[in-house]
Amino acid sequence: MSLSGSMSFFMSRRVRSALAGVLAAVLAGAGPHAVAAEAPERIISVGGAVTETLFALGLGDRIVAVDSTSLYPAEATALPQVGYLRQLSSEGVLAQRPDMVLLGEGAGPASAVEQITNSGLAVENIAIGWSPESVTTMIRKVGDATGAGDRAGALADSVAADFAALADAVPQEDGPTVLLVISAGAGPLLGAGTHTAAEVAISLAGGRLALPTLEGYKPLSLEPVLAADPDYIIVPSHVVEILGGMDGLRELDVIAETNAGREGRIIIADSLYLLGFGPRAPLAAADLARIFHPDADIPLESAGGDHPLIQLAK
């Protein structure tokens, strides 16, 4: 299968949701907002990082519905859904009778957001960024909006400490070159360049972009990949699923014809974990750093436990 060939494999709703969560977290924000006078009891959470934060704050029992990008924790996937982050159903939102709607960055369309806001509901826009500071700011914003400011402050401080510990432990020189490939379904694979969540995650883990002249997520061709000769190639797990598993992945020329592919330096990663930049972000970067720098003493534990969310392909 060529790198630019058609990818017509069936993509499940959950697979589409995982990719949507990754892409939506880096795009434009939503509309105006109001602030609830009291701590909300019925919350609709839109955005994987926002939902992850609510559960981390112990507010999961207040969530009455989520969008399709809210894939973590597992309890979130059992909740009613109000659509994909960028294609929300205003009718679906209002039908859940929430007293607050938290909109992660990129929520839309604008017409649905306007209808939700004009309904009189308390609506909070939550910015999603890729820096340690943006993650802790997001956590505090969610806490302030939901009356859990003290808990959010403690969580934000803990996450900030994890980021600091990671920065102290990761070697800052001679990091490996890394290419992350992603797919939006049919069409060619895309490579991650500058100004992406992937660039930041790789940098936090002590790596460097293999294609630093690439900006955003762009279609790949084999020649520049071979010329760059990346030390590692990261493939999100949902892309592996789209390709039909590891056998399909190994048929890609970007895998089969590169030294990284031939020498087993392919990393499979959960998209939301690595690129979602929720409270688990420093743990995800630490998992990646352990692969990039096996001799370094990385102090943070993996969030995956016995089921690694980031690992070398087998």
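# Notebook: a walk through a predicted model

**Entry 1**

**Entry 2: confidence.** The protein chain has a mean pLDDT of 88, with 87% of its residues at 70 or more. I marked residues 1-37, where the pLDDT is below 50. That stretch still has 93 contacts in the model beyond near neighbours in sequence. Where pLDDT is low, the predicted coordinates should not be read in detail, so I moved on.

**Entry 3: the whole chain.** I noted 15 helices and 13 strands in the protein chain. How many of the residues are buried? Of the 314 residues in the protein chain, 55% are. I also looked at contacts with a separation of 6 or more, and 65% of them join residues 24 or more positions apart.

Entry 4: For a handy landmark, I picked Val101, which stands opposite Val123 in strand 6.

**Entry 5: strand 12 and its partners.** Next I went to strand 12, residues 266-269. Ile266 and Ile268 point one way, while Ile267 and Ala269 point the other way. Are these residues buried or exposed? All of them are buried. Strand 12 runs parallel to strand 11 (residues 232-236), and four bridges join the two. Here Ile233 is the residue opposite Ile266. With strand 13, residues 310-312, the pairing of strand 12 is antiparallel, over three bridges. Ile267 stands opposite Leu312 there. I jotted down a general point too: strands of a sheet pair through backbone hydrogen bonds, either parallel or antiparallel.

**Entry 6: aromatic rings.** I looked for aromatic pairs, and a search of the whole structure finds one. Tyr232 and Phe292 form this pair, with 5.4 Å centre to centre and 40 degrees between the planes, and it is tilted. Where do the two residues sit? Tyr232 is in strand 11 and Phe292 is in helix 15 (residues 281-292), so the pair links distant parts of the chain, 60 residues apart. I checked the burial of both. Tyr232 has a relative accessible area of 13%, which means that Tyr232 is buried. Phe292 is buried as well, because its relative accessible area is 6%.

**Entry 7: around Glu52.** My last stop was Glu52, which has its place in helix 2, residues 48-56. Its relative accessibility is 4%, so Glu52 counts as buried. What does Glu52 touch, leaving out residues up to four places away in sequence? I listed Tyr72, Gly278, Pro279 and Arg280. Two of these names came up together again: Arg280 lies over the face of Tyr72, at 3.5 Å from the ring centre. Glu52 touches both Tyr72 and Arg280, so I would open this spot in the viewer with the three side by side.

Terms used: Residues are numbered from 1 along each chain as its sequence is written. This is a predicted model: local features need pLDDT of at least 70, side-chain atom pairs count only at pLDDT 80 or more; totals for chains, interfaces and linings use all residues. Side-chain values use heavy atoms; hydrogens and water are left out. Two strands pair if DSSP finds at least two bridges between them. Buried means under 20% relative accessible area, exposed over 50%, partly exposed in between (1.4 Å probe, protein chains only). Rings of Phe, Tyr and Trp (its six-membered ring) pair if their centres lie within 6.5 Å; planes under 30 degrees apart count as stacked, over 60 as edge-to-face and the rest as tilted. A charge sits over a ring if NZ of Lys or CZ of Arg is within 6 Å of the ring centre and within 35 degrees of the ring normal. Contact means heavy atoms within 4.5 Å. pLDDT is the predictor's confidence in each residue, from 0 to 100.
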